[in-house]
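Trainee: Could we go through this structure together, one feature at a time?

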Amino acid sequence: MRPDPVADIERLRRSRNAVILAHCYQPPEIQDLADFVGDSLGLSRTASETECEVIVFCGVRFMAETAHILSPDKIVLQPRTDADCSLADCMGVGELSAMKEKHPDALPVCYVNSSVEVKAESYACCTSANALKVVDSVPSSEVVFGPDRNLGTYVSRHTDKTVHVFRGACEPHSTADLADLDRKIEEWPEAEVMVHPETPPDFWDRADAVTGTGGMVEWVEASRAERFLVGTEKGMVYRLQTLFPERSFREAGGILCRDMKLIDLEHVASSLGDLEPRIEIDEALRKKARESVERMVELT
Ligand code: CIZ
């Protein structure tokens, strides 16, 4: 045990020329010490634009992979390699290839919450914020969409294209508690309701905004409401409360990602000290995955 991991982190981040990224689902003490807090793609892009030599990604594996895809010359550390994503893990290249074979006229679009291998086999990547725009912009009238069935269904309801949706789901979001949301709507009837598109459709029907974490920040910024119910992973409430201390937020749906909570101060300090565990990706695979991320940028 380190007597003072925060002091170690402060010393090491300077000596290593490191930036610490925290996804907005991370525990408060990790969000508090991070250089940047946000969504996975925004963080990866921000880090790629800095002069740092080391990126510590406090998040799940696909997020640290995305940082490495965009910053091949930097060392990317993921303090806990067992922090996985149930959504990214549910679709492998085999499943994607089977869908491509079944729908040969469709172009594959993958949600950023996917493995580097799936990104490399996709025509374009997307985020929850731009999924509809990407699907509308790819040069085909049919799309294979994965891995998230809820986001895919949301997109299919708002596009004229045929969307073949993979069956995958984020475990915490897809099993969110609707009765909890309904109870909180009754308790705070004047609150605006924001839900993530990874939640099931019943959640969207009750929401003022169906949007990803970045979209939630923008929604609150533009809104005059004082109270908000937040239908995504619980860590987002801390993020919103930090950004908007004069407003009130409550989580709704009881959405908790245990993998996101595996990272603690001890692990951040030891990964900075050891410069391990590192994300390593085969260079040819990384380049292919980067193409699908770049195509998303071109299309949006
Ligand atoms: O990709 C991300 O950052 C996730 C998991 C969610 C979001 O809505 O930004």
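Trainee: In what order do the four strands of the open sheet lie?

Mentor: The edge strands are β6 (124–126) and β8 (162–165), each of which pairs on one side only. The pairing in this sheet is parallel, and the twist averages 30 degrees from one strand to the next. Read across the open sheet, the order is β6-β5-β7-β8.

Trainee: Which residue of β7 stands opposite Leu 107?

Mentor: Strand β5 covers residues 107–111 and strand β7 covers residues 142–146, and the two pair in the parallel sense over four bridges. In β7, the residue opposite Leu 107 is Val 143.

Trainee: At roughly what angle do the axes of helix α3 and helix α4 cross?

Mentor: Two packed helices are described by the angle between their axes and the distance between the axes. Helix α3 spans residues 40–48 and helix α4 spans residues 61–70, and their axes come within 9 Å. The crossing of α3 past α4 is right-handed, and the angle is roughly 35 degrees.

Trainee: How many nonpolar residues does the contact of α3 with α4 have?

Mentor: From α3, the residues Ser 40, Leu 41, Ser 44, Arg 45 and Ser 48 take part, and they meet Phe 62, Met 63, Thr 66, Ala 67 and Leu 70 in α4. Sorted by class, this contact has four polar residues and one charged residue, while the number of nonpolar residues is five.

Trainee: Which element gives the most to the largest nonpolar core?

Mentor: The largest nonpolar core has 88 residues, of which Ile 20, Phe 145, Leu 240 and Val 268 touch the most other members. Leaving aside neighbours within four places in sequence, Leu 240 is in contact with Met 194, Met 216, Val 217, Val 220, Val 230 and Phe 249. Apart from this core lies another of 12 residues, among them Leu 181, Phe 203, Ala 207 and Leu 229.

Trainee: Is Ser 15 buried or exposed?

Mentor: Ser 15 is found in helix α1, which runs over residues 5–15. Its relative accessibility is 57%, and the cut-off to apply is over 50%, so Ser 15 counts as exposed.

Trainee: What distance separates the C-alpha atoms of Ser 15 and Leu 272?

Mentor: Along the chain, Ser 15 and Leu 272 are 257 residues apart. In the predicted model, the separation of their C-alpha atoms is 9.6 Å.

Note on methods. Residues are numbered from 1 along each chain as its sequence is written. This is a predicted model: local features need pLDDT of at least 70, side-chain atom pairs count only at pLDDT 80 or more; totals for chains, interfaces and linings use all residues. Side-chain values use heavy atoms; hydrogens and water are left out. Two strands pair if DSSP finds at least two bridges between them. Axes are lines fitted to C-alpha atoms, for helices over the stretch in contact, and angles run from 0 to 180 degrees between N-to-C directions. A crossing is left-handed if the near helix is turned anticlockwise from the far one by less than a right angle, and right-handed if clockwise. Contact means heavy atoms within 4.5 Å. Ala, Val, Leu, Ile, Met, Phe, Trp, Tyr, Cys and Pro count as nonpolar, Asp, Glu, Lys and Arg as charged, and the others, Gly among them, as polar. A nonpolar core is a set of buried Ala, Val, Leu, Ile, Met, Phe, Trp, Tyr and Cys residues joined through side-chain atoms within 4.5 Å. Buried means under 20% relative accessible area, exposed over 50%, partly exposed in between (1.4 Å probe, protein chains only).
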